[in-house]
Amino acid sequence: MSFESLKSRLPEYARDLTLNLDAAIGSSDLPVQRLWGTVLSTAIASRSAVVLRELAPEARAVLSPEAYRAAKTTASVMALNNVFFRTRHLLSDKEYGNLRAGLRMNVLGDPGVDRVDFEFWAFAVSAVNGCGLCLDAHESVLRRAGVEREVVQEAYKIAAVIEAVAATLDAEAVLAEAALAE
């Protein structure tokens, strides 16, 4: 299972996704840890078993055990944060913003990897999960750390490609099952 295997599973009508996988991941100039932590955390966020089965082994092979764990931890904590803060932001009653969250988020204090990598992964997962408040917060930290806009854009480009591949492959699996049932 691998990145190449994932590409080969895409149907012909999704040729653009194959090209985008090559561009966003296969030809990326991001450092290996930043790239593959982003790939793993967004694959988890995509909730696609197919995508995760294909990409996780390659991520495990190139990431240190600490970075692999940190990418999984990022996806986990951002699943929590994205729902909580997106909801708080979307509520008309802004007084909810003054209430204590009361949620455990210890990993934010020590993510186990370079802070910029963690923020990059958190930003990408927030793109998948659609939390504008979290996107703004993590983008701001990245920019203050000197990360250029073009590099920040790579995070949500990877997120978009992973999410599109997940949606396509999951849909194809359902359509194949439906065709067999007919």
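A residue counts as exposed when its relative accessible area is over 50%, and as buried when that area is under 20%. Those cut-offs sort several residues below. The model is predicted. The protein chain has eight helices and zero strands. From the N terminus on, its elements run α-α-α-α-α-α-α-α. The radius of gyration is 17 Å, close to the 16 Å that the globule rule gives for 182 residues, so the chain is as compact as a globular protein of that length.

**The chain as a whole**

- The C-alpha trace spans about 55 × 40 × 30 Å along its principal axes.
- Buried residues account for 43% of the 182 residues.
- The accessible surface comes to about 9700 Å². Carbon and sulfur atoms hold 54% of that surface.
- Take the contacts between residues at least 6 apart in sequence: 72% of them join residues at least 24 apart.

**Where α2 meets α8**

- Helix α2 covers residues 15–26, and helix α8 covers residues 149–181.
- The axes of these two helices come within 10 Å. They cross at roughly 145°.
- The crossing of α2 and α8 is left-handed.
- On the α2 side, the contact residues are L17, N20, L21, A24 and I25. On the α8 side, they are K157, I158, V161, I162, A164, V165 and T168.
- By type, the residues of this contact divide into nine nonpolar, two polar and one charged.

- A24 lies in helix α2.
- A24 has 1% relative accessibility, so it counts as buried.
- Leaving aside neighbours within four places in sequence, A24 is in contact with L35, K157, I158 and V161.
- A24 and K157 are 133 residues apart in sequence. In space, their C-alpha atoms are 6.6 Å apart.

**L30, between α2 and α3**

- L30 sits in the loop between α2 and α3.
- Not counting residues up to four places away in sequence, L30 touches L35, F120, V151, E154 and I158.
- L35 and I158 are also among the contacts of A24.
- L30 and R149 are 119 residues apart along the chain. Their C-alpha atoms are separated by 13 Å.

**R47, between α3 and α4**

- R47 is found in the loop between α3 (32–46) and α4 (49–62).
- R47 has a positive phi of about 65°, although it is not a glycine.
- Is R47 buried or exposed? Its relative accessibility is 61%, which is over the 50% cut-off, so R47 counts as exposed.

**N81, in α5**

- N81 has its place in helix α5, which covers residues 65–90.
- N81 counts as buried, because its relative accessibility is 4%.
- N81 touches R86, M105, L108 and C134, not counting residues up to four places away in sequence.

**In brief**

- The predicted model has eight helices and zero strands.
- Helices α2 and α8 cross at roughly 145°, and nine of their contact residues are nonpolar.

Note on methods. Residues are numbered from 1 along each chain as its sequence is written. This is a predicted model: local features need pLDDT of at least 70, side-chain atom pairs count only at pLDDT 80 or more; totals for chains, interfaces and linings use all residues. Side-chain values use heavy atoms; hydrogens and water are left out. Axes are lines fitted to C-alpha atoms, for helices over the stretch in contact, and angles run from 0 to 180 degrees between N-to-C directions. Helices (H or I, at least four residues) and strands (E, at least two) are DSSP runs, numbered from the N terminus. A crossing is left-handed if the near helix is turned anticlockwise from the far one by less than a right angle, and right-handed if clockwise. Contact means heavy atoms within 4.5 Å. Ala, Val, Leu, Ile, Met, Phe, Trp, Tyr, Cys and Pro count as nonpolar, Asp, Glu, Lys and Arg as charged, and the others, Gly among them, as polar. Buried means under 20% relative accessible area, exposed over 50%, partly exposed in between (1.4 Å probe, protein chains only). The radius of gyration is taken over C-alpha atoms; the globule rule is 2.2 Å times the number of residues to the power 0.38. Accessible areas come from the Shrake-Rupley method with a 1.4 Å probe; for residues, only the protein chains shown count as cover.
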